[in-house]
Amino acid sequence: MPVEYISLNNNNKIPNVGLGLWKLNPESNVDTIYNAIKIGYRVLDGAVDYGNTKELGIAVKKAIKDKLVTREELFIVSKLWNNHHAPKNVKPAIEKILKDLDLDYIDLIYIHFPLPFKAVDVNDKDHYPPGFFTPNQLQKGQENVIELENVPLHKTWESLEELYDPKNGIIRNLGLSNCQGVLIQDLLFGCKIKPQILQIEIHPYLPQWRLVEWCHLHDIAVTAYSSFGSQSFIELESAKAKSCVNLLEHQLIKEIASKYEGAGNSDVLLQWAVQRKICVIPKSNNVKRLETNFHFTNKFPNGLSKEDVDKIATLENGTRFNDPWDWNDMKFPTFI
Ligand SMILES: NC(=O)c1ccc[n+]([C@@H]2O[C@H](COP(=O)([O-])OP(=O)(O)OC[C@H]3O[C@@H](n4cnc5c(N)ncnc54)[C@H](OP(=O)(O)O)[C@@H]3O)[C@@H](O)[C@H]2O)c1
């Protein structure tokens with residue numbers, strides 16, 4: 001499949017299909033990323049929180065050494081984790097990502113969540129990459145409360161802007177993740193550099209019509225995560241995920257898939273997103289599924305029909321699988 005690109009508002013571009021790195025099997029993640037590059041994936045969607053930044057760097061180095069790809073062809077992504085929002089912590093956090101990757105620039109940094117947690121030092125080997133708690137809390141067994149610190153989002157953004165340049169910066173593109181419209185609009189009122197891209201949960205249960213439309217109106221690209229809906233969260237024993245019909249097995253999606261030669265539910269779910277000019281980043285530990293997820297557009301030479309798109313729209317029910325409201329029952333107001 002030829003790589004298709006989405007243009008960004010700074011004249012850079014991003015391939016519209018990538019590999020998600022969350023929950024890659026730690027025993028095989030280097031091979032999985034290497035195989036994905038071999039298949040043709042160019043966007044590698046990592047994050048500090050996924051705990052595999054070093055492995056991403058190793059796989060990329062090996063792929064470049066083996067001449068599968070050049071550095072310029074790759075689009076390497078990471079995300080600033082919640083413990084590094086304070087302006088003084090942003091540059092060290094980005095430098096640490098680059099050191100772990102063993103690269104001198106990164107193609108895209110997202111702010112992972114608009115939630116500033118209490119800081120954790122990037123040099124604290126025992127507690128990096130950080131999770132939800134500070135070392136102090138962990139020592140005292142105080143893991144019932146996630147502590148925030150008072151950092152407005154625009155302060156974190158300003159610190160990232162200082163590291164950004166679309167051609168020569170150590171960060172080439174900037175993004176937000178898990179933000180709603182009004183928060184992004186507020187940032188636009190004061191920022192020097194407009195976000196290039198927003199990454200949010202999108203699948204037929206949660207199509208996010210208005211947020212996607214608003215971003216596109218404002219020339220902000222959109223990446224969908226968890227395109228397969230509950231599947232990713234079943235692995236985490238989420239009761240919500242287990243209680244709903246898995247989109248990968250959903251009868252309506254199956255019926256639609258049967259109309260397109262060789263297509264399955266996963267193909268329909270990915271095609272549905274890219275047809276909306278949304279990038280997708282499916283994750284798989286399995287080489288066969290990596291292949292399938294990269295070549296899905298071949299099964300839809302004319303796209304999904306309007307009739308089928310309308311049928312998929314009937315599945316919308318607002319189910320969101322990734323919501324900080326539920327983290328330790330902290331009731332964080334991210335999506336209310
Ligand atoms: N910004 C954020 O807050 C955020 C949140 C969540 C995710 N993300 C990003 O988005 C990426 C994708 O989301 P995700 O990992 O949550 O979920 P996903 O890609 O929607 O689903 C992954 C799940 O689907 C399975 N799978 C993959 N391809 C399949 C296929 N063709 N047929 C059947 N099953 C298949 C995988 O199992 P196998 O591995 O066994 O194939 C895994 O259980 C992440 O890896 C991460 O990079 C970002």
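Let me start at Pro-129, which sits in the loop between strand E6 (108-111) and helix H4 (135-140). This is a predicted model, so please keep that in mind throughout. The peptide bond leading from Tyr-128 into Pro-129 is cis, and its omega is near 0°. As a rule, most peptide bonds are trans, and most residues other than glycine have a negative phi.

Asn-178 is not a glycine, yet its phi is positive, at about 55°. You will find Asn-178 in the loop that runs between strand E7 (174-177) and helix H6 (181-190).

Asn-178 also takes us to the ligand. One polar atom in the side chain of Asn-178 is 2.9 Å from an oxygen atom of the ligand. Ser-232 also uses its side chain: an N or O atom there is 2.7 Å from a ligand oxygen. With Ser-227 it is the backbone, where an N or O atom lies 3.2 Å from an oxygen atom of the ligand. How much of the ligand's accessible area does the protein cover? On its own the ligand has 900 Å² of accessible area, and the protein covers 91% of that.

Now the surroundings. The ligand takes up the space of the largest pocket. Two elements give two or more residues to the shell around the ligand, namely helix H8 (231-234) and helix H12 (287-294). In total, 28 residues surround the ligand, and the closest are Asp-45, Ser-232, Glu-235, Ser-284 and Arg-289. What kinds of residue make up that shell? It divides into 14 polar, 9 nonpolar and 5 charged residues.

Last, the annotation. An unreviewed UniProt entry places the feature "domain: NADP-dependent oxidoreductase" at residues 17-314. Across residues 17-314, the chain is 39% helix and 11% strand.

Note on methods. Residues are numbered from 1 along each chain as its sequence is written. This is a predicted model: local features need pLDDT of at least 70, side-chain atom pairs count only at pLDDT 80 or more; totals for chains, interfaces and linings use all residues. Side-chain values use heavy atoms; hydrogens and water are left out. A residue is near a molecule or strand if one of its heavy atoms lies within 4 Å of it. A polar contact is a pair of N or O atoms within 3.5 Å; within protein, one must be able to donate a hydrogen and the other to accept it, and residues adjacent in sequence count only if both atoms are side-chain atoms. Accessible areas come from the Shrake-Rupley method with a 1.4 Å probe; for residues, only the protein chains shown count as cover. On a 1 Å grid over the protein atoms alone, a cavity is a set of points where a 1.4 Å probe fits but cannot get out, and a pocket is an open set with protein on both sides within 12 Å along at least five of seven lines; lining residues have an atom within 4 Å of a point. A molecule sits in a cavity or pocket if more than half of its atoms lie within 2 Å of its grid points. Helices (H or I, at least four residues) and strands (E, at least two) are DSSP runs, numbered from the N terminus. Ala, Val, Leu, Ile, Met, Phe, Trp, Tyr, Cys and Pro count as nonpolar, Asp, Glu, Lys and Arg as charged, and the others, Gly among them, as polar. UniProt positions are given in the numbering used here, feature names are shortened, and annotations may be inferred rather than shown by experiment.
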